[in-house]
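Hi,

Here is the structure I promised to send over. Have a look at it first, and my notes follow below.

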Amino acid sequence: MKIIESPKEFQQLTESLRLQGKKLAFAPTMGALHDGHLSLVKHAKARADVALMSVFVNPLQFGKNEDFGKYPRPFERDKALAEKAGVDILFAPTHEALYDKGFQSFVNVKHISEKFEGEIRPDHFRGVATVVCKLFNLAKPHVAVFGQKDAQQLTLIRQMVADLNIDIEIVAAPIVRESDGLAMSSRNIYLSEQERREAVVISESLKIVQKLIAEGERESEILIDATLRHLQTSLLAKPEYVAFVRADDFSEARELVKGNAYFLILAVRFGTVRLLDNLYIQV
Ligand code: AMP
């Protein structure tokens, strides 16, 4: 595995691989890699000749009082895991290299950025869209893989790629979970033992909804109520939002209509830790 720090060097290498006729697939991450991230590599390798991964904790997508400073950065471990998973090129730039002193250009995907995560974390999605656009320009991949775990981010990237005519196929990778059902996340390590135990209510509530839908329930309000009722069985769980949205534009849906795809999205706080999860539903 080749490790590259310099944006210019990375861009030159991906350009030369393209000229050699290689197909490139790219998985951007913030590191602290777990099996969820490594599954993206599997999807990348299945679709291309060369698997690219970036590890970059992007300051632009963190709010002032968020965990940018303490976000885990186990780079030696990340390198070993990425190599074992079959990453061919690992791009790990410094902040200074990616954001020059005079940096002043941003990508704003307007409507999708304004709700749910965007409402709670102002400027978060502007930071995400901007860094992903920059990374796309450096990696110039044919395919980019994103986790369904961050459904709003995935929808936002799809919108950006369509709006700005970016010639990259966006692939969604299913959510990878711990054995008890908790969606893997680099932030799960912040949970106390009790919070970690009780966090299982999140995936349990999604299973309850999945069952109700299989039994024919189509009304969002009823499905959202069932989710909240189950989340409330944990005293530590503080739901921030639970909603049904269309998978194509993240607009809220009152009922599930045959032929459409939706996400049931939720964010639940346990102490200071925010956990996101979702269920993809095609009816
Ligand atoms: P992050 O490092 O949190 O920015 O995540 C990098 C990529 O990994 C994003 O596309 C995430 O959606 C994806 N990802 C994170 N957690 C998971 C998971 N549990 N399963 C699948 N993909 C994930």
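Which element gives the most to the shell around the ligand? That would be α2, with 3 residues. Before going further, keep in mind that this is a predicted model.

Now for the ligand site as a whole. The ligand is surrounded by 16 residues, and the closest of them are His37, Gly147, Asp150, Val176 and Met184. By type, the shell splits into 8 nonpolar, 6 polar and 2 charged residues.

- Met30 has a backbone N or O atom 2.9 Å from an oxygen atom of the ligand.
- Val176 places a backbone N or O atom 2.9 Å from a nitrogen atom of the ligand; Val176 is also listed among the closest residues.
- Met184, another of the closest residues, likewise has a backbone N or O atom 2.9 Å from a ligand nitrogen.

As for cover, the ligand on its own has 480 Å² of accessible area, and the protein covers 92% of that. The elements that supply two or more residues to the shell are β2 (24–29), α2 (35–47) and β5 (143–147).

I also looked at how some of the helices pack. Two packed helices are described by the angle between their axes and the distance between the axes, so here are both values for two pairs.

Take α6 (residues 124–139) and α7 (residues 151–163) to begin with: their axes come within 11 Å and cross at roughly 55°. That angle makes α6 oblique to α7, and the crossing is right-handed.

Then there are α9 (residues 200–214) and α10 (residues 220–231), whose axes come within 9 Å and cross at roughly 150°. Angles over 145 degrees count as roughly antiparallel, and α9 and α10 are therefore roughly antiparallel to each other. The crossing of α9 and α10 is right-handed.

Cheers

Conventions. Residues are numbered from 1 along each chain as its sequence is written. This is a predicted model: local features need pLDDT of at least 70, side-chain atom pairs count only at pLDDT 80 or more; totals for chains, interfaces and linings use all residues. Side-chain values use heavy atoms; hydrogens and water are left out. A residue is near a molecule or strand if one of its heavy atoms lies within 4 Å of it. A polar contact is a pair of N or O atoms within 3.5 Å; within protein, one must be able to donate a hydrogen and the other to accept it, and residues adjacent in sequence count only if both atoms are side-chain atoms. Accessible areas come from the Shrake-Rupley method with a 1.4 Å probe; for residues, only the protein chains shown count as cover. Helices (H or I, at least four residues) and strands (E, at least two) are DSSP runs, numbered from the N terminus. Ala, Val, Leu, Ile, Met, Phe, Trp, Tyr, Cys and Pro count as nonpolar, Asp, Glu, Lys and Arg as charged, and the others, Gly among them, as polar. Axes are lines fitted to C-alpha atoms, for helices over the stretch in contact, and angles run from 0 to 180 degrees between N-to-C directions. Angles under 35 degrees count as roughly parallel, over 145 as roughly antiparallel, 65 to 115 as roughly perpendicular and the rest as oblique. A crossing is left-handed if the near helix is turned anticlockwise from the far one by less than a right angle, and right-handed if clockwise.
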